[in-house]
Amino acid sequence: MDDETSIHDQVYEALAESLIQGQIPPGKSVSLRTLANELNVSPMPVREAVRRLIAQKALELQPSNKRLRVPSLSENRLLQLMTARQWVEPELAFLGAQKITRDVIVELKNDDERLMAALSKGDVDGYMKANYAFHFRLYNLAEADLFLDMARTLWLQSGPFMRVVFGRLGTVQLPQDHHQELIRALESGDHAAVRQHMAEDVHEGMELMLEALKG
């Protein structure tokens with residue numbers, strides 16, 4: 001991989017992570033130059049990364065002022081995201097469960113402990129980072145690149161709107177996640193239960209987003 005390709009990938013990954021973590025909130029418009037300054041790079045790799053993110057429907061270009069923003073999320077689109085996540089993520093969890101190791105279970109427990117600690121402190125950034133780490137640590141085991149790309153694209157589109165949920169509910173009002181039930185299923189080798197608990201976890205998270213959108 002040459003240096004130029006590496007820089008392009010690094011910039012894409014940095015912007016993608018910002019979207020997944022909800023650090024670019026819905027409705028806020030930004031320019032290419034602002035993003036380049038924040039990442040301390042030239043506009044060229046940012047422009048390429050933005051093209052990829054627009055193709056993934058994680059960003060859109062406003063024709064009126066050529067600035068970028070997170071696309072608005074209608075109820076219909078959110079329901080589509082919910083359905084798609086409930087198709088692909090339980091399957092990734094099911095496949096990942098078949099390749100689980102004790103070391104990975106320990107890492108998942110650590111992720112969930114960080115998540116719960118962040119919730120107790122009202123630390124939105126900490127919660128979102130730990131939640132993403134938990135899910136994709138398991139998904140990456142699946143060795144299913146197509147499903148993994150789909151899941152990541154869905155998180156790119158839905159991540160910014162988790163901030164809306166936190167803004168409406170705060171962290172203390174969020175329901176308990178299903179991670180601990182999922183970990184117990186991994187430990188017992190009950191792959192079907194892993195799939196079920198992941199489906200429940202995804203469904204409840206997306207239901208919260210739907211409630212926040214309607215509110």
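Let's start in the loop between α6 (124-139) and α7, where we find Glu143. Helices here are DSSP runs of H or I with at least four residues, strands are E runs of at least two, and both are numbered from the N terminus. A word on the model: it is predicted, so local features need pLDDT of at least 70 and side-chain atom pairs count only at pLDDT 80 or more, while totals for chains, interfaces and linings use all residues. Residues are numbered from 1 along each chain as its sequence is written, and side-chain values use heavy atoms, leaving out hydrogens and water.

Back to Glu143. Its phi is positive, about 55 degrees, although it is not a glycine. Is Glu143 buried or exposed? It is exposed, with a relative accessible area of 67%; exposed means over 50%, buried under 20%, and partly exposed in between, using a 1.4 Å probe and protein chains only.

Now look at Lys66, in the loop between β1 (60-61) and β2 (68-69). Lys66 is not a glycine either, yet has a positive phi of about 60 degrees. With 59% relative accessibility, Lys66 counts as exposed.

On to the helices. Helix α4 (residues 75-97) packs with helix α9 (residues 191-214) at an angle of about 160 degrees, their axes 8 Å apart. Axes are lines fitted to C-alpha atoms, for helices over the stretch in contact, and angles run from 0 to 180 degrees between N-to-C directions. That makes α4 roughly antiparallel to α9, since angles over 145 degrees count as roughly antiparallel, under 35 as roughly parallel, 65 to 115 as roughly perpendicular and the rest as oblique.
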